[in-house]
Amino acid sequence: QVFILTCSRPARVQIMNTQKRQTGQPNSIAQRQHSLVMNKGKQQRGQPNSIVQRQHGLVKNMGLPDWVTQPFLTKGGYGRLAVAVVFRSVYPVVYLLTLVIRKLPWQVKHSILERLWRMWRWLHRDVLPYSCRRGASPDLSVEAHALHNLFWFSRLFPMNVHMMRFSLSNLSVGELPQERSMTWVDSVTPGLRSLYINICPFTEEHPKVLFWAFGGAYLSGDIDGNRGIAEGYGRSLGCDVFLVDMRLCPENTVQDALFDLYHGYAWLINVKKVLPQNIIMYGISSGGGSVLRMLQLCQKNDSTERKEMFGERTPLPPALPQPAGAVLIAPFVDASNVEENMAELSQYDWIVSQSVLELVNDDLKSKMVDDISKVDQAIALVHDMTGICPILVSTSEHECLIAENTKLVDKLAGDGVDVTFSTRPYLCHIYQLLARYLPEAASERQKICNWIRARGGVWARSSGTAPCSSPPQLASEVVDCSTGPHSGASSESTSDADEISQLNNAQALTCNDSLHVALES
């Protein structure tokens, strides 16, 4: 009976949402945002302040009733404790399995994943197209429902640092590294090596560079797991890519990670001699928070604040000029209030689930800084933003970090920064990195590339630059070829169906242009 009831629920939700659209209920970002950030006037009138109460029409926990899921998802619940006991008993086998998978060649892992994904998508698209729509909204693509249904079960099991690092180390398995011309750069921290990937033609005296800061809640993330995705952006934009290695918590502190990132930027400018206007920064989650904090420290000619931030760490990095711009993917900018900011929306987020939230809350708080009483030193959100380069903040409206990202955009705009806020509903944390599988992510990647080109100078597309293309798609054949810029202090949320239609038209035009150029050559 439970199975029948829950399988029919998405259909009822779809009808309800359709009726809302037919009655003319607007679907703009501002009206969707009211379900996440309460208006102060409404709070004063005593309206409900629980985020869950404001999730109109959203499906949580695959549509299963609370009495079924809560014992397994609530910390200390009897179901969760039972699963934890079972998981601990089999964990040695799981641990060995992760070590074996790490040793497999990337091409082997990629080939296995492609076959499994095709079968999983076929099940959702052709076999059970209605029963498998278990995501937050029926408006999601089939691929988004398929990924949601796959990731959801991870929240039932305890998360630890090893499993989190293993997961993110395989992030690029869908978009394999291809470039062979690269240089490993020794960091000022012994044992760390950053990776510089050459994509620009060697004839360019001053190449343009995408400065890449990986994410992972400061607990995980590495160069190998980000390399394939970073290379894809580099080929799309016709630029080199520099992936900076950083120390991780809980073995180190957030101050250590920021120290490593800052020195990576200093190497790029002072040693590699890349012009600041030829650099775009790309920070993911905690990497986005570190990029933002670094940009704040870079413009301080007085070294006092940097000394307070880095303590006895040497050498103290110098003041540096601002880059041409920075892309922040769901930046983690308020790590001092993890549970307060994320607890409610972890019910809808596929990536930052209750299990991940428990791990971050337990393992990160005590290792933020050397002295926990000075935790604000590492929090970008509480510091002045004046003078920072143009910023693009890209996030999902229904992920864990939407509340603090909204605060961040308001603060950036209030301090006079040129900021663009790009959002999409119903998706998970860092969905932008899943462009190989999600049409929504491929469309967002298009917008990010356009925003970078709109910085002008060497970033503007010239006749000799290859068109920006999305990675080879299994989700949908979306090719990233549009050139329309997005700039200014704005807030964007668009229809994926319309954008994909426009992209297909652009793809056809680009193919014709490419054939014409080839014939002329």
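Reader: Why is glutamine 70 called partly exposed?

Author: In this predicted model, glutamine 70 has a relative accessible area of 27%. Buried means under 20% relative accessible area, exposed means over 50%, and partly exposed is what lies in between, with a 1.4 Å probe and protein chains only, so glutamine 70 is partly exposed. Glutamine 70 is found in helix H4 (residues 66–73), and its C-alpha atom is separated by 8.8 Å from that of arginine 80, which is 10 residues away along the chain.

Reader: What conventions lie behind the numbering and the values?

Author: Residues are numbered from 1 along each chain as its sequence is written, and side-chain values use heavy atoms, with hydrogens and water left out. Since this is a predicted model, local features need pLDDT of at least 70 and side-chain atom pairs count only at pLDDT 80 or more, while totals for chains, interfaces and linings use all residues.

Reader: What makes a stretch of chain a helix or a strand, and how many of each are there in the protein?

Author: Helices (H or I, at least four residues) and strands (E, at least two) are DSSP runs, numbered from the N terminus. There are 17 helices and nine strands in the protein.

Reader: Which of the labels buried or exposed belongs to tyrosine 218, and which to lysine 273?

Author: Tyrosine 218 has a relative accessible area of 8% and is therefore buried, whereas lysine 273, with 53%, is exposed. Tyrosine 218 lies in the loop between strand S3 (209–213) and H9, and its phi is near 65 degrees, a positive value in a residue other than glycine. Lysine 273 is placed in the loop between H10 and strand S5 (279–284), and it too is not a glycine, yet has a positive phi of about 60 degrees.

Reader: Why are H9 and H16 called oblique to each other?

Author: The axes of helix H9 (residues 223–237) and helix H16 (residues 439–453) come within 11 Å and cross at roughly 50 degrees. Angles under 35 degrees count as roughly parallel, over 145 as roughly antiparallel, 65 to 115 as roughly perpendicular and the rest as oblique, and H9 and H16 are therefore oblique. The contact (heavy atoms within 4.5 Å) involves residues including Gly232 and Tyr233 of H9 and Ile448 and Cys449 of H16.

Reader: What makes a group of residues a nonpolar core, and which residues touch the most other members of the largest one?

Author: A nonpolar core is a set of buried Ala, Val, Leu, Ile, Met, Phe, Trp, Tyr and Cys residues joined through side-chain atoms within 4.5 Å. The largest has 91 residues, of which Phe211 and Ile391 touch the most other members. Helix H10 (residues 254–270) gives the most to this core, with 10 residues. Apart from it lies another core of 28 residues, among them Ile199 and Cys239.

Definitions and conventions: Axes are lines fitted to C-alpha atoms, for helices over the stretch in contact, and angles run from 0 to 180 degrees between N-to-C directions.
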